[in-house]
Amino acid sequence: MLMRTDPFRELDRITEQILRPGTWSRPSAMPMDAYREGEEYVVAFDLPGVSPDAIDIDVERNMLTVRAERRPAVNTDNVQMELSERPLGVFSRQIVLADTLDTERIDADYEAGVLTLRIPIAERAKPRKISVGGGSSHKQIKG
């Protein structure tokens, strides 16, 4: 049995649940990092305790949607919960992607509770050199 020694800790936990509830009907946001690494745009989401089969990634036009569901870890039959601070429910995040990203070639990897998406930069957005040709035929306009 766990003993609670700090009465304000429980108040902080309840306040956090009220202000940021993550339920199945109202998803809460998940923390993320986004950065460019070479020729890729990388987005990493923190999803500890989420099974890989409970993660759903969709792209529609420029909108990337990541949804994940954290389910209870223990069977509730014959279990008397003493303390429950880990949030359960649905987590969701939507990101508008730039037109310069190749959304057809997104790579997703999930390891150690972190979902990492790698989105390549589109070829049309990469810098390129444009050569200037010499014009041998000059026209003079008279008016």
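**View 1. Strands E6 and E7 run antiparallel, joined by 5 bridges.** Residues are numbered from 1 along each chain as its sequence is written, and side-chain values use heavy atoms, with hydrogens and water left out. Strands here are DSSP runs (E, at least two residues), as helices are (H or I, at least four), and both are numbered from the N terminus. Two strands pair if DSSP finds at least two bridges between them. Across this pairing, Asp-107 sits opposite Arg-118 in E7.

**View 2. The hairpin of E6 and E7 has 2 residues between the strands.** Ala-112 belongs to the loop between E6 and E7. Its phi is near 55°, a positive value in a residue other than glycine. Ala-112 counts as exposed, at 80% relative accessibility. For reference, buried means under 20% relative accessible area, exposed over 50%, and partly exposed in between, with a 1.4 Å probe and protein chains only.

**View 3. Four strands make an open sheet in the order E1-E2-E7-E6, and the pairing is antiparallel.** Strand E1 (32-37) and strand E6 (107-111) are the edge strands, and each pairs on one side only. From one strand to the next, the twist averages 15°. The angles behind that value lie between N-to-C directions of axes fitted as lines to C-alpha atoms (for helices, over the stretch in contact), on a scale from 0 to 180 degrees.

**View 4. Strand E2 (residues 40-46) pairs with strand E7 (residues 114-120) in the antiparallel sense, over 7 bridges.** Looking across at E7, Glu-40 stands opposite Pro-120, and Val-42 stands opposite Arg-118. As for cover, 5 of the 7 residues of E7 are buried, so E7 is largely enclosed by the rest of the structure.

**View 5. Glu-37, Glu-40 and Arg-118 are linked in a network of salt bridges.** A salt bridge puts a side-chain nitrogen of Lys or Arg within 4 Å of a carboxyl oxygen of Asp or Glu. Side chains of opposite charge can pair when their charged atoms come close. Arg-118 forms a salt bridge with Glu-37, with the closest N and O atoms 2.8 Å apart. This pair links distant parts of the chain, with Arg-118 in strand E7 and Glu-37 in strand E1, 81 residues apart. Arg-118 also meets Glu-40 in a salt bridge, at 3.3 Å from N to O. Since Glu-40 lies in strand E2 and Arg-118 in strand E7, that pair ties together parts that are 78 residues apart in sequence. How exposed are the members? Arg-118 is partly exposed at 26% relative accessibility, Glu-37 is partly exposed at 41%, and Glu-40 is partly exposed at 28%.

**View 6. Asp-102 and Arg-105 meet through their side chains in a salt bridge.** The N to O distance is 3.1 Å. A search of the whole structure turns up 4 salt bridges.

**View 7. Arg-61 has a positive phi of about 55° although it is not a glycine.** Arg-61 sits in the loop between strand E3 (55-60) and strand E4 (63-70). With a relative accessible area of 74%, Arg-61 is exposed.

View 8. Along the sequence, the pattern reads α-β-β-β-β-β-β-β. Of the 143 residues, 24% count as buried. The chain exposes about 11300 Å², and carbon and sulfur atoms supply 50% of that; the areas come from the Shrake-Rupley method with a 1.4 Å probe, and for residues only the protein chains shown count as cover. Among contacts with a separation of 6 or more, 57% come from residues 24 or more positions apart, where contact means heavy atoms within 4.5 Å. On confidence, pLDDT is the predictor's own score for each residue, from 0 to 100. The chain's mean pLDDT is 80, and 72% of its residues reach 70 or more. Among the elements, helix H1 (residues 7-19) has the lowest mean pLDDT (62) and E6 the highest (97). Where pLDDT is low, the predicted coordinates should not be read in detail.
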